[in-house]
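User: I am new to this structure. Please take a close look at a single part of it and walk me through what surrounds that part.

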Amino acid sequence: MMSPMIFLLLLILRLTTTGTSAQTWRHCTDLPPLDLLSFVLEKDTSRPTPGVRVMEDGGMRGVRFSRPHPSLSFPSAQLLVNCDLFPVDFSIVVTLKVSPADLKRNEYIFSLLEENDDDNRTVRGRMMEDTEEDKMRGQTAGRREEAAAARKQQEEKGDAKEAQKSGGLKHTARQRGAVILGLKIAGSRLHLVFQGHAKATENWVFRGVELTESQWHTLVLVVTGQRATLTVDCNAPVDMGLSRSFPTDLDIKGSTFHLGSRGRWKGLFSGLVRQLVLVPGSDATPQVCPSSEPGRINTLSVPPVLFDLSVKAQKTDSHPPSYEAQLKVSIGPQNSCSETLRGQLWFNPNRKGLYLCDGATWIPLLEEHKRLDYVVERQVLTTSSETYDIEVFQMPGMGLMAAMAHRSTSSGSGVYLWSQSGFQLYQSISTYGALSWRYFTLGEKAFLVVSNSGGWSQELAEEEAKEEFSIIYKWSKKRKRFVTYQTLRTHCARDWEAFSINGHTYLAVANHRQPNNNHTIESVLYRWNRRSKSFEVYQRLQTSGAYDWEFFTVGPYHFLVVANAFDGVTTHVDSVIYVWLSGSFQVFQTIKTFCATDWEMFQIDGRVFLVVANGHRLHGSGPSEYAINSTIYELDLSARLFVRFQDIITYSAVDWEFFSLGEDYFLVVANSFDGDSYSLNSVLYRWQGYEGFVPVHWLPTIGCSDWEFFTYEEKSYLIYSSAKAPLSKVFMLKTH
C-alpha cells in the first residue's frame with residue numbers, strides 16, 4: 001500500500017492546482033519540491049522496492065540500481081499534475097556517489113521518456129518475468145543473475161541494431177523510448193539531455209566540473225531561461241553560457257519518469273543515489289547552500305529508508321530485505337535516545353518491550369500492552385500564584401523538570417524538579433505575566449523561552465511600560481541553573497513553538513495583541529544564526545489575537561498552524577494552516593474557529609488529525625457562549641484538505657493533550673469556564689475507532705489552563721495547571 005507521505009505529496013500537488021486556470025498550470029512552475037526517489041521507495045513500505053539495493057558507503061546510505069524495473073518508473077502526471085508542458089524554470093537536486101563505470105559510460109540518473117504501446121508491452125513483460133522469477137523458489141542467486149545478464153545482453157544487441165538502422169544519427173524525432181528529458185553522467189561530467197527545436201535531441205555538458213569517485217557529491221542544477229548553472233558541494237557555481245534557451249513547449253503528455261536508467265539496461269546508473277528532487281519554478285541553491293562557506297550543505301529531501309543507519313551491503317537484490325541493518329541490542333536501564341544512538345535497539349526487561357531509537361525518541365517495536373484502569377491523584381502542588389502553562393522536559397544530568405508560567409510578576413515563575421515525592425521548586429525566574437514556556441535544544445545546549453505578557457515593572461514610565469519582552473534562558477552546566485541568554489520584543493506573547501527544518505532551528509511567537517488593544521498584528525518567525533549565535537527575524541505572519549502555534553511534519557512536508565482567537569470584533573475568525581514551500585511558510589488552508597486557543601496534531605494508524613480548542617463564541621457587544629464544540633479534523637486525502645471528523649462539546653477549552661498507553665490513544669481537554677463557574681470537570685477521551693473519541697474519565701479541575709502527559713520510571717502521569725488558583729495537580733494513570 002502507498003505510504004502517507006506519498007499520499008500527502010499527491011494531496012499538495014492537487015491542492016495547488018485548485019482555483020487556477022488551466023493555462024497557468026500547463027508549465028507547473030509553482031509546485032512544491034518533488035522528491036522523485038521517495039516517490040518510488042515509499043510507494044509500498046511493506047516490502048523492499050524491487051530493482052534497488054540500499055547500501056552504505058562513507059557513513060551515508062544510498063540506493064544502487066540493480067536493474068530497470070517497473071517499480072522504478074511512474075507516469076509524470078502522478079507528480080506533475082495537470083501539466084502538459086515541462087517547467088521552463090526548474091532545479092534538480094541530487095546527492096550521489098559515482099562509480100568508476102560512471103566515469104567511462106553514459107549512465108542516466110533519471111530520464112523522462114515518451115511511452116507507447118511497445119514500451120508498455122515491454123514493461124509488462126519484464127514485470128511478468130520478474131514475478132515468475134521470484135516465484136521460482138528453487139532457483140539460485142547465480143541463475144537469477146545469469147538470466148538478468150542475458151536479458152541485458154539481448155537488449156544491448158537490440159540497441160546496437162537500432163543504431164545501425166538509424167545510421168548513427170544523434171538528432172532524431174521521438175522514437176520508441178526517446179528521451180524527452182534526462183540527467184546523465186559521462187566522462188566525469190554532468191549532461192542535461194532534452195528535446196529541443198523540432199524535437200531534436202540537445203545535450204548540455206557542464207565541462208567545468210568533474211566528479212570524483214571517492215566521495216559523495218551534492219549537485220544543484222538550475223535552469224532559468226537562457227541560463228544554466230551547476231553548483232557542486234556548495235562551491236562556486238559553474239555558469240553555462242547558452243546560445244538558446246530551454247524550450248518553452250517541451251511536451252510531457254503521456255510521458256514516464258524512469259529512475260536510474262532510461263528504461264533499459266543500457267545506461268543503468270551504477271553509482272549510489274541518496275537524494276533526487278525536482279524543484280519546479282524555483283532556484284533551490286539557497287535552500288541547499290545556506291551560506292557562502294563550502295561544505296555547508298543542507299538536505300532538501302531524503303527518503304526515510306536512507307536515514308543514516310549502518311546497513312549490510314548485499315550481493316544480490318534477490319535476498320530479502322536490503323534494508324536490513326547491523327543493529328546491536330542494549331539491555332537494562334534506558335539511555336537517552338540521540339543521533340549517536342540512531343538505529344540502536346533497546347530491550348526493557350521490566351516492560352518486556354523492544355524499542356528502536358529514531359534519533360530523538362524510543363519507538364516501541366514490541367511491548368506488553370497496558371490499558372488504562374483508573375486515574376488517581378498523585379500530588380497537589382502549591383504554587384506561588386496562578387499558573388497558565390506547564391512545560392515538562394528531561395534535562396540531561398538532572399532528571400525530569402517542569403517549567404511553570406506563573407501569573408504573578410512579583411513572585412515570578414518556577415522550574416520544578418521531580419523527586420519521589422513529586423515536583424519540588426528548583427529555581428525561581430523573574431517573569432512578567434508569564435503565559436507559556438517552551439523547552440528546546442541546539443546541539444547539546446538546552447534552552448527555555450518564556451512568553452511574557454506584561455512590561456518589566458510598574459515603576460517604569462508609561463511609554464517604557466508598554467514595551468514587552470520575552471526572554472530566552474540557557475542552561476548553565478556549571479551553575480546548574482537557567483541564565484538569561486537573549487531578549488526578544490513581543491506583544492502579549494501567548495505561545496512559543498520551537499522546531500527544525502533542513503538543519504535550521506526556528507522559534508515562532510504568537511503575538512496576541514498590542515498595548516492599544518489591536519489584535520490584528522504580526523506574529524514572528526525567528527531563525528537561529530550560527531555566526532551571531534542568536535535568533536533573528538526570518539518571517540512575519542499576520543495573525544488575529546494569536547494564541548498558539550503547532551508545528552508538525554507529514555512525510556517531507558512541514559506545517560505550522562496558528563490558533564487565532566479574536567480580531568477586535570468577533571471570535572469567529574479564521575485559523576490558518578501554513579506549509580513550508582521554497583524557504584518560507586505559505587497558506588495551505590484556513591479553518592473557521594471560535595476563539596481558538598490551542599491546536600494539537602496527532603496520528604493514529606497512519607491517519608493525521610488536528611484538534612482545535614474553541615474558547616467561546618462572541619460577536620460585538622453580544623453575550624458570550626462558553627459551551628461550544630471543539631473539533632477534530634482529519635487529513636482527507638481525496639478532498640486534499642483537513643476536514644471535520646468529530647465535534648466534542650467543551651467549556652471554554654484552552655488546551656488539548658494527546659497521548660497513548662499501550663495500544664490505546666487518549667485526548668484530555670482543559671475545560672476552564674462554563675459561564676458560571678471555573679470549577680468543572682475536564683474530560684479524558686479514549687479512541688474507539690470508527691466511533692471516534694468517547695469520554696472515559698471526568699477529572700475535577702479549577703480554571704484548568706493546561707494538561708501535560710509524562711512518564712517516569714515506567715509510570716504514566718498527567719499534570720494540570722490552574723489559572724484561577726495557586727495550585728497544580730499531578731494524576732497517576734493506573735494500568736492493568
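Ser451 sits in strand β25, which covers residues 445–452. The model is predicted.

Ser451 has a relative accessible area of 0%. Buried means under 20%. Ser451 is therefore buried.

Next come the polar partners. The Ser451 side chain has a polar contact with the side chain of Trp496, at 3.3 Å. The side chain of Ser451 also reaches Asp495, at its backbone nitrogen. That distance is 3.5 Å.

Now the wider surroundings. Residues up to four places away in sequence are left out here. Ser451 then touches Gly433, Ala434, Leu435 and Ser436, among others. Its contacts also include Ser470. Ala493, Arg494, Asp495 and Trp496 are on the list as well.

Take the cysteines. Cys492 is buried, at a relative accessible area of 4%. Cys595 is buried too, with a value of 8%.

The structure has one disulfide. It links Cys234 and Cys289, with 2.0 Å from S to S. Cys234 belongs to the loop between β11 (227–232) and β12 (238–241), and Cys289 to the loop between α5 (285–288) and β15 (329–331), so the bond ties together parts that lie 55 residues apart in sequence. The link is left-handed, with -90 degrees about the S-S bond. Both Cys234 and Cys289 are buried.

Phe659 gives another buried site. Its place is in strand β40, residues 653–661. Phe659 has a relative accessible area of 3%. That value is under the 20% cut-off, so Phe659 counts as buried.

Neighbours within four places in sequence are again set aside. Phe659 is in contact with Asp664, Tyr665, Phe666 and Val668, among others. Leu684, Phe709, Leu718 and Leu733 are also contacts of Phe659. Arg686 is 27 residues from Phe659 along the chain. The C-alpha atoms of Phe659 and Arg686 are 9.9 Å apart.

Back to the part you asked about. Ser451 is a buried residue in strand β25.

Key. Residues are numbered from 1 along each chain as its sequence is written. This is a predicted model: local features need pLDDT of at least 70, side-chain atom pairs count only at pLDDT 80 or more; totals for chains, interfaces and linings use all residues. Side-chain values use heavy atoms; hydrogens and water are left out. Helices (H or I, at least four residues) and strands (E, at least two) are DSSP runs, numbered from the N terminus. Buried means under 20% relative accessible area, exposed over 50%, partly exposed in between (1.4 Å probe, protein chains only). Contact means heavy atoms within 4.5 Å. A disulfide is a pair of cysteine sulfur atoms within 2.5 Å. A polar contact is a pair of N or O atoms within 3.5 Å; within protein, one must be able to donate a hydrogen and the other to accept it, and residues adjacent in sequence count only if both atoms are side-chain atoms.
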